[in-house]
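User: I would like to learn how to read a model like this one. Please take me through it step by step.

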Amino acid sequence: MSSIYNNADNETIIARINLLSNESKPLWGKMKVDQMCKHCNATMQVAFGKQTLKMNFLMRLLGRMLKNKAFNTDFGKSSPTAKEFKFEGSYDFESSRKEFAESFSQFAKGTQVIKLMDHPFWGKMTYEDWDKLMWRHTDHHLRQFGV
């Protein structure tokens with residue numbers, strides 16, 4: 001599998017992000033391209049310790065039970081998401097895409113950019129877990145928009 005920490009792999013994702021345009025339409029789901037960029041950026045902010053998530057006991061338990069499957073298979077279309085990752089308004093596309101690309105590029109600096117090792121939903125995380133989660137999640141949404 002490709003790695004968020006590998007410079008060449010990371011640049012491949014950035015190139016795909018840069019293929020997005022304000023006219024990009026989803027192949028599935030309800031998100032618009034600007035919302036997807038905001039969504040993906042917010043998920044990365046959790047890894048960087050800049051975004052907090054509130055999870056009740058049942059959600060924490062569910063996340064730990066689903067972790068192995070979620071981290072080792074492709075994300076399903078229209079998978080549920082935390083309320084902190086839902087963006088329903090309209091956003092400046094260029095700014096949203098730039099934030100998305102800049103955040104993803106941070107992973108190429110190495111594991112030291114990861115600040116959260118106990119995820120509120122998934123539980124204990126390793127750097128490999130973050131690699132799988134961020135790669136699969138980002139790839140999922142880029143494929144959603146055909147890039």
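Analyst: Start with the surface. This is a predicted model. The accessible surface of the chain comes to about 8100 Å². Carbon and sulfur atoms account for 53% of that surface.

User: What share of the residues counts as buried?

Analyst: Of the 147 residues, 48% count as buried. The cut-off is under 20% relative accessible area.

User: Which secondary structure elements does the chain have, and in what pattern?

Analyst: The chain has five helices and two strands. Along the sequence the pattern reads α-α-α-α-β-β-α. The radius of gyration is 14 Å, close to the 15 Å that the globule rule gives for 147 residues, so the chain is as compact as a globular protein of that length. The C-alpha atoms fill a box of roughly 40 × 30 × 25 Å along the principal axes.

User: How should I read a nonpolar core, and which residues have the most contacts inside the largest one?

Analyst: General idea first. In soluble globular proteins, nonpolar side chains tend to be buried together. Now this case. The largest nonpolar core has 40 residues. Those with the most contacts inside it are Ile 17, Leu 20, Met 36, Phe 100, Phe 104, Phe 107 and Trp 130. Helices H1 (7-19), H2 (33-47), H3 (57-72), H4 (93-106) and H5 (127-144) each supply at least two residues of this core. H2 gives the most, with eight residues.

User: What share of contacts joins residues at least 24 apart?

Analyst: Count contacts between residues at least 6 apart in sequence. Of these, 86% join residues at least 24 apart.

User: Now a single residue. Is Lys 115 buried or exposed?

Analyst: Lys 115 is exposed, with a relative accessible area of 57%. The cut-off for exposed is over 50%. Lys 115 is found in the loop between H4 and strand S1 (118-119). Lys 115 touches Ala 47, Phe 48 and Gly 49, not counting residues up to four places away in sequence. Thr 81 is 34 residues from Lys 115 in sequence, and their C-alpha atoms are 21 Å apart.

How values were computed
Residues are numbered from 1 along each chain as its sequence is written. This is a predicted model: local features need pLDDT of at least 70, side-chain atom pairs count only at pLDDT 80 or more; totals for chains, interfaces and linings use all residues. Side-chain values use heavy atoms; hydrogens and water are left out. A nonpolar core is a set of buried Ala, Val, Leu, Ile, Met, Phe, Trp, Tyr and Cys residues joined through side-chain atoms within 4.5 Å. Buried means under 20% relative accessible area, exposed over 50%, partly exposed in between (1.4 Å probe, protein chains only). Helices (H or I, at least four residues) and strands (E, at least two) are DSSP runs, numbered from the N terminus. The radius of gyration is taken over C-alpha atoms; the globule rule is 2.2 Å times the number of residues to the power 0.38. Contact means heavy atoms within 4.5 Å. Accessible areas come from the Shrake-Rupley method with a 1.4 Å probe; for residues, only the protein chains shown count as cover.
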